[in-house]
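Colleague: I am new to this structure. Can you walk me through the terms as they apply here?

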Amino acid sequence: MSRKIQTTPRKPRIAIAGATGRVGSALTGLLASDPVDIVVLTRRPDAAQLPKGASIATLDFDQPHTLQGALRGADRLFISHGTSQQQVANEIALIDGAVAAGVRQIVKLSALGPASRLNPFAWHMQIEAHLAHQPVASTVLRPSAYIEILKRAAGQIAADSWAGAAGEGRANFIDTRDVADAARVALLEEFSPESQRAYHLTGPRAWTMRQIAEHLSTLLGRRVAYNHRSPEEQRAALFADGLPPLVADLLVGLDQVFRESVLAETTSTVEVLTGKPPRTLQHWLAENIEIFRNSTRQ
């Protein structure tokens with residue numbers, strides 16, 4: 001059974017920080033059909049893509065007073081800043097601006113996993129800890145690995161050269177659309193002023209990279225293999241592809257998380273919140289199979 005959606009005498013005003021990201025854009029589209037007022041918080045108002053009826057508020061993280069001003073009048077705030085070295089400082093600034101502006105609830109997109117030195121998990125831990133001490137209702141969404149991360153391997157898979165340092169570890173992959181569906185419920189459901197919630201969002205099962213390769217082989221009609229590298233070999237390969245050190249470190253760290261089955265947990269939370277089972281990895285691969293197909297084999 002899905003969670004109860006709160007009804008109020010007036011339309012709640014929901015601010016979205018991160019409306020151009022994968023989850024944020026899907027969430028904004030969903031909320032456009034709900035009886036709410038949407039305000040998109042952005043640093044680049046000229047580039048914002050807005051659903052019908054949404055408004056824009058401009059942010060400047062170098063001028064903290066603009067954050068409180070942009071959030072004034074908002075009842076709820078969704079935060080999905082995106083992975084960067086500025087993520088901790090900027091998300092904490094948004095939280096503080098929201099509290100100062102009188103926002104009643106903050107929903108933060110975080111990440112599933114235990115305490116870790118690895119980024120972005122460690123960044124999310126810092127932000128969550130700050131949010132937990134604020135006088136505001138909060139909901140933290142902790143999704144497992146996004147299925148879309150597999151798009152990074154599309155070129156390798158198409159060229160029969162897929163490799164990484166995930167070993168035989170298992171990871172549970174979740175569709176971005178399911179995270180957006182859960183975020184919508186979290187922003188609309190009933191809550192008390194003292195509410196502090198955390199939802200662990202996963203797909204229906206965990207996979208090894210070898211199992212994913214086997215399923216891709218069936219869909220593509222040719223053998224796809226996942227070749228194992230050491231973390232050092234994987235980092236060198238990412239550098240050779242021209243990736244900067246920060247991105248290479250993030251990807252090698254993600255492989256470590258996969259290798260150690262840190263994200264193998266399976267929960268029923270998506271279905272409990274939304275009333276629908278989460279989309280499967282098989283379904284997502286079938287929808288997106290063309291990006292993994294070698295053009296010379298079509």
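This is a predicted model: local features need pLDDT of at least 70, side-chain atom pairs count only at pLDDT 80 or more; totals for chains, interfaces and linings use all residues.

Colleague: How many salt bridges does a search of the whole structure find?

Modeller: The search finds 15 salt bridges.

Colleague: What makes Glu168 and Arg210 a salt bridge?

Modeller: The cut-off is 4 Å between a side-chain nitrogen of Lys or Arg and a carboxyl oxygen of Asp or Glu. Glu168 and Arg210 have N to O at 3.4 Å, so the pair qualifies. Side chains of opposite charge can pair when their charged atoms come close.

Colleague: Where do Glu168 and Arg210 lie in the chain?

Modeller: Glu168 is in the loop between β8 (163-164) and β9 (170-174). Arg210 is in helix α7 (residues 209-220).

Colleague: Why is Glu168 called partly exposed?

Modeller: Buried means under 20% relative accessible area, and exposed means over 50%. Glu168 has 45%, so Glu168 falls in between. Arg210, with 39%, is partly exposed as well.

Colleague: What about Asp178 and Arg279?

Modeller: Their side chains meet in a salt bridge, with N to O at 2.7 Å. Asp178 sits in helix α6 (residues 176-188). Arg279 sits in the loop between α10 (269-274) and α11 (281-287), 101 residues apart from Asp178.

Colleague: Is Asp178 buried or exposed?

Modeller: Asp178 is at 2% relative accessibility, under the 20% limit, so Asp178 counts as buried. Arg279 is at 23%, and counts as partly exposed.

Colleague: Which residues are linked in a network of salt bridges with Asp178?

Modeller: The network links Asp178 with Asp181, Lys276 and Arg279.

Colleague: How do you know that Asp249 and Arg235 form a salt bridge?

Modeller: Their N to O distance is 3.2 Å, within the 4 Å cut-off, so the pair counts. Asp249 lies in helix α9 (residues 245-259) and Arg235 in helix α8 (residues 231-240), so the bridge ties together parts 14 residues apart in sequence. Asp249 is partly exposed at 40%. Arg235 is partly exposed at 27%.

Colleague: How do you know that the span of α9 agrees with its number of residues?

Modeller: The expected span is 1.5 Å times one less than the number of residues. For the 15 residues of α9, that gives 21 Å. The end C-alpha atoms are 21 Å apart, so the two values agree.

Colleague: What do the buried residues of α9 pack against?

Modeller: They pack against α4 (121-132), β7 (145-146), β8, β9, α7 and α8. The buried residues of α9 include Ala248, Leu250, Leu251 and Phe258.

Colleague: What makes Ser138 buried?

Modeller: Ser138 is at 5% relative accessibility, under 20%, so Ser138 counts as buried. Ser138 is found in strand β6 (residues 137-143). Beyond four places away in sequence, Ser138 touches Ile106, Leu131, Ser195, Gln196 and Arg197.

Colleague: Why is Ala101 called buried?

Modeller: Ala101 has 17% relative accessibility, which is under 20%, so the label is buried. Ala101 belongs to helix α3 (residues 87-101). Gln68, Leu71 and Arg72 are its contacts, leaving out residues up to four places away in sequence.

Methods
Residues are numbered from 1 along each chain as its sequence is written. Side-chain values use heavy atoms; hydrogens and water are left out. Helices (H or I, at least four residues) and strands (E, at least two) are DSSP runs, numbered from the N terminus. Buried means under 20% relative accessible area, exposed over 50%, partly exposed in between (1.4 Å probe, protein chains only). Contact means heavy atoms within 4.5 Å.
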